[in-house]
Amino acid sequence: MRLIVGISGASGAVLGYETLRALRRQKDMEIHLVVTKGAAVTLALETSLTLADAAALADYVHDDDNLAAPIASGSFRTDGMIVAPCSMKSLAGITAGYAGNLLGRAADVCLKEGRKLVLVPRETPLSKAHLRNLCTAAADGCVILPPMLTFYNDQMTMEGQLQHIIGKILAQFGLTHAGFVPWGEKKPAAQSR
């Protein structure tokens, strides 16, 4: 499987990093990474991680200014793209078809080629403009997967909640993740509080 991971400048850069970690553990996975300038700043502000840490988890890292990168072309076959987190700026660009950077262009390619595009929007509260853009993205075929708290699976730590969201993201591509506890199943005893 070949997937693109885009990390935009919204709060929650750790979502992109953890998505990369989970994908790296999958068999036969080729990961293409694009990180916006805003994401680089957010990663440094919110975590002790560096761009090099994220890049080390990808097979290919593309400069966000490089609109000649392979992922900017529909003839470069992928299985889809994950934008985690997805800023409202990136969302607006995606819904308008404005490919001002590589992240936006790669998302646009996924839409025009009928490939899965999973957006993990990070903003609260949502304005009417945000909601309109989310509805437009959904109508255009995007999967809207906000990182919302889950209460049914006894994940009471931040790490448990984070891994559950990562599991939901991967499930969109038919992939499994150890941190995901489906409804009706119990989490392993080692994870209990």
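Biologist: Which residues of helix H4 are buried?

Modeller: The model is predicted, with local features needing pLDDT of at least 70 and side-chain atom pairs pLDDT 80 or more, while totals for chains, interfaces and linings use all residues. Residues are numbered from 1 along each chain as its sequence is written, and side-chain values use heavy atoms, leaving out hydrogens and water. Helices (H or I, at least four residues) and strands (E, at least two) are DSSP runs numbered from the N terminus, and buried means under 20% relative accessible area, exposed over 50% and partly exposed in between, with a 1.4 Å probe and protein chains only. In H4, residues 88-96, the buried ones are Met88, Ser90, Leu91, Gly93, Ile94 and Thr95.

Biologist: What do the buried residues of H4 pack against?

Modeller: Contact means heavy atoms within 4.5 Å. The partners of these buried residues are S4, H5, S5 and helix H6 (128-139).

Biologist: In what order do the 6 strands lie in the open sheet?

Modeller: Two strands pair if DSSP finds at least two bridges between them. The edge strands, each pairing on one side only, are S3 (60-63) and S6 (143-144). The pairing is parallel, and the order is S3-S2-S1-S4-S5-S6.

Biologist: Which residue in S3 stands opposite valine 34?

Modeller: Strand S2, residues 30-35, runs parallel to S3 and is joined to S3 by 4 bridges. Opposite valine 34 stands histidine 62.

Biologist: Is threonine 78 buried or exposed?

Modeller: Threonine 78 lies in the loop between S3 and S4. Its side chain reaches the backbone nitrogen of glycine 80 at 3.4 Å. Leaving aside neighbours within four places in sequence, threonine 78 is in contact with Arg2, Ile4, Cys110 and Arg115. Because its relative accessible area is 8%, threonine 78 is classed as buried.

Biologist: At what angle do helices H1 and H7 pack?

Modeller: Two packed helices are described by the angle between their axes and the distance between the axes. Axes are lines fitted to C-alpha atoms, for helices over the stretch in contact, and angles run from 0 to 180 degrees between N-to-C directions. For H1 (residues 13-24) and H7 (residues 158-171), the axes are 10 Å apart and the angle is about 60°.

Key:
A polar contact is a pair of N or O atoms within 3.5 Å; within protein, one must be able to donate a hydrogen and the other to accept it, and residues adjacent in sequence count only if both atoms are side-chain atoms.
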